[in-house]
Amino acid sequence: MKTKINWKKFIISSIIIFIAFVFIADVIIDFKNLDWHKIFGFENLFWKILAALVGAFFYSSYKVEKKN
């Protein structure tokens with residue numbers, strides 16, 4: 001089964017999901033212990049980018065079938 005990806009939807013949704021991870025997951029949850037070096041550290045940033053790309057892949061390749 002070949003999966004078709006809407007690339008415009010993929011790029012836009014990966015950026016939106018990444019921004020949501022940075023601001024929702026780190027800034028709001030860890031507001032009292034806010035450390036920008038930890039938020040934008042390589043290991044933490046790697047997992048956020050990877051999660052954003054995986055989420056964007058599933059969102060952009062999801063196809064709604066029409067019922068007749």
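This is a predicted model: local features need pLDDT of at least 70, side-chain atom pairs count only at pLDDT 80 or more; totals for chains, interfaces and linings use all residues.
Residues are numbered from 1 along each chain as its sequence is written. Local features need pLDDT of at least 70, side-chain atom pairs count only at pLDDT 80 or more, totals for chains, interfaces and linings use all residues, and side-chain values use heavy atoms, without hydrogens and water.

**Exercise 1.** Classify the aromatic pair W7 and F10, and state whether each residue is buried or exposed.

*Solution.* 
1. Rings of Phe, Tyr and Trp (its six-membered ring) pair if their centres lie within 6.5 Å; planes under 30 degrees apart are stacked, over 60 edge-to-face, the rest tilted.
2. A search of the whole structure finds 3 aromatic pairs.
3. In one of them, W7 and F10 have centres 5.6 Å apart and planes at 80°, which means edge-to-face.
4. W7 and F10 are 3 residues apart in helix α1 (residues 7-28), about one helical turn; a helix is a DSSP run (H or I, at least four residues), numbered from the N terminus.
5. Buried means under 20% relative accessible area, exposed over 50%, partly exposed in between (1.4 Å probe, protein chains only).
6. W7, at 53%, is exposed, whereas F10, at 15%, is buried.

Conventions
Helices (H or I, at least four residues) and strands (E, at least two) are DSSP runs, numbered from the N terminus.
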